[in-house]
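Subject: Structure handover

Hello,

Please find the structure below. My notes on it follow.

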Amino acid sequence: MADSEYAPLFAPFFSFAGIASAMVFGAGGAAYGTAKSGIGIAGVGTFRPDLIMKSLIPVVMSGIIAVYGLVISVLIVGDIRPDQQQSLYKGAMHLAAGLSVGLSGLAAGYTIGIVGDAGVRAYMQQSRVYVGMILILIFGEVLGLYGLIVGLILNSKS
C-alpha cells in the first residue's frame, strides 16, 4: 500500500479522467469520421449505387478509432484497485495514456472523415483514385494507432 503522503485521495480522479478522455475523444473522432465520410457515400449512392460497398472503407476505419479508446479504457480500469490507495503518479500516467489515445483518435477521425468524403466523391468520377484514397486513409488511421501505442507504453509504466 502506498504511503498516504504520496497517495492523495483525489489521485483516482486522474485515472477516471484518462478513461473518459480516451472514450470521449476517440468516439468523437470516430463519429466525425463516420458522419463526414457517410455524407460523401450518400452523395455517391444517388448517382452510382454500385460503388457504395467499396466506398464504405472510411466508415469502417473510423469505427476502429473508437475501438482504440475502448482498449485503453479497459486496460486503465483493470489497473485501478478500489481497495488500495493509488499514487498520484499512477493517476497522472493513466490520464496521459487516455489523452494520447483520445486526442490522436480525434485527429485520425477528422482526417479519415475529410479524406473519406472527398475520396469517395472523386472515386465516383474516376475509379483510378481508389488506391490513392485507401493509402491516404491508412496514413490517417495510423495516427490513431500511434496514440494507442503511446498509451499502451504509458499504461505499462504505471
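To start with one detail: about how many helical turns separate Arg121 and Asp117 in helix α4? They are separated by about one, because the two residues are four apart in that helix.

The basis is as follows. This is a predicted model, in which local features need pLDDT of at least 70 and side-chain atom pairs count only at pLDDT 80 or more, while totals for chains, interfaces and linings use all residues. Residues are numbered from 1 along each chain as its sequence is written, and side-chain values use heavy atoms, with hydrogens and water left out.

Salt bridges

The search of the whole structure gave four salt bridges (a side-chain nitrogen of Lys or Arg within 4 Å of a carboxyl oxygen of Asp or Glu). One of them joins Arg121 to Asp117, with the closest N and O atoms 2.8 Å apart. Asp117 also meets Lys36 in a salt bridge, at 3.6 Å from N to O. Asp117 is in helix α4 (residues 88–125) and Lys36 in helix α1 (residues 11–47), so this pair ties together parts that lie 81 residues apart in sequence. Helices here are DSSP runs of H or I with at least four residues, strands are runs of E with at least two, and both are numbered from the N terminus. Through shared partners, Lys36, Asp117 and Arg121 are joined into one network.

For accessibility, buried means under 20% relative accessible area, exposed means over 50%, and partly exposed is in between (1.4 Å probe, protein chains only). Asp117 is buried at 12%, whereas Lys36 is partly exposed at 26% and Arg121 is partly exposed at 37%.

Another salt bridge is formed by Asp50 and Arg48, at 3.2 Å from N to O. Asp50 is exposed, at 56%, and Arg48 is partly exposed, at 32%.

Packing of α1 and α4

The axes of α1 and α4 are 6 Å apart, at an angle of about 5°. That makes the two helices roughly parallel (angles under 35 degrees; over 145 is roughly antiparallel, 65 to 115 roughly perpendicular and the rest oblique). Axes are lines fitted to C-alpha atoms, for helices over the stretch in contact, and angles run from 0 to 180 degrees between N-to-C directions. Sorted by class, the contact of α1 with α4 has 20 nonpolar, 17 polar and four charged residues. Ala, Val, Leu, Ile, Met, Phe, Trp, Tyr, Cys and Pro count as nonpolar, Asp, Glu, Lys and Arg as charged, and the others, Gly among them, as polar.

Aromatic pairs

Rings of Phe, Tyr and Trp (its six-membered ring) pair if their centres lie within 6.5 Å; planes under 30 degrees apart are stacked, over 60 edge-to-face and the rest tilted. By this rule there are four aromatic pairs. Phe10 and Phe14 are edge-to-face, because their planes are at 75°, with the ring centres 6.2 Å apart. Phe14 is partly exposed, at 25%. Tyr32 and Tyr110 are stacked, 5.2 Å centre to centre with 20° between the planes. This pair links Tyr32 in helix α1 with Tyr110 in helix α4, 78 residues apart. Phe10, Phe13 and Phe14 form one aromatic cluster.

Record

The unreviewed UniProt entry places "transmembrane region" at residues 12–35, 56–77, 97–118 and 130–154; its annotations may be inferred rather than shown by experiment. In the model, residues 12–35 are 100% helix and 0% strand, with end C-alpha atoms 34 Å apart. Residues 130–154 are 100% helix and 0% strand, with end C-alpha atoms 37 Å apart.

Regards
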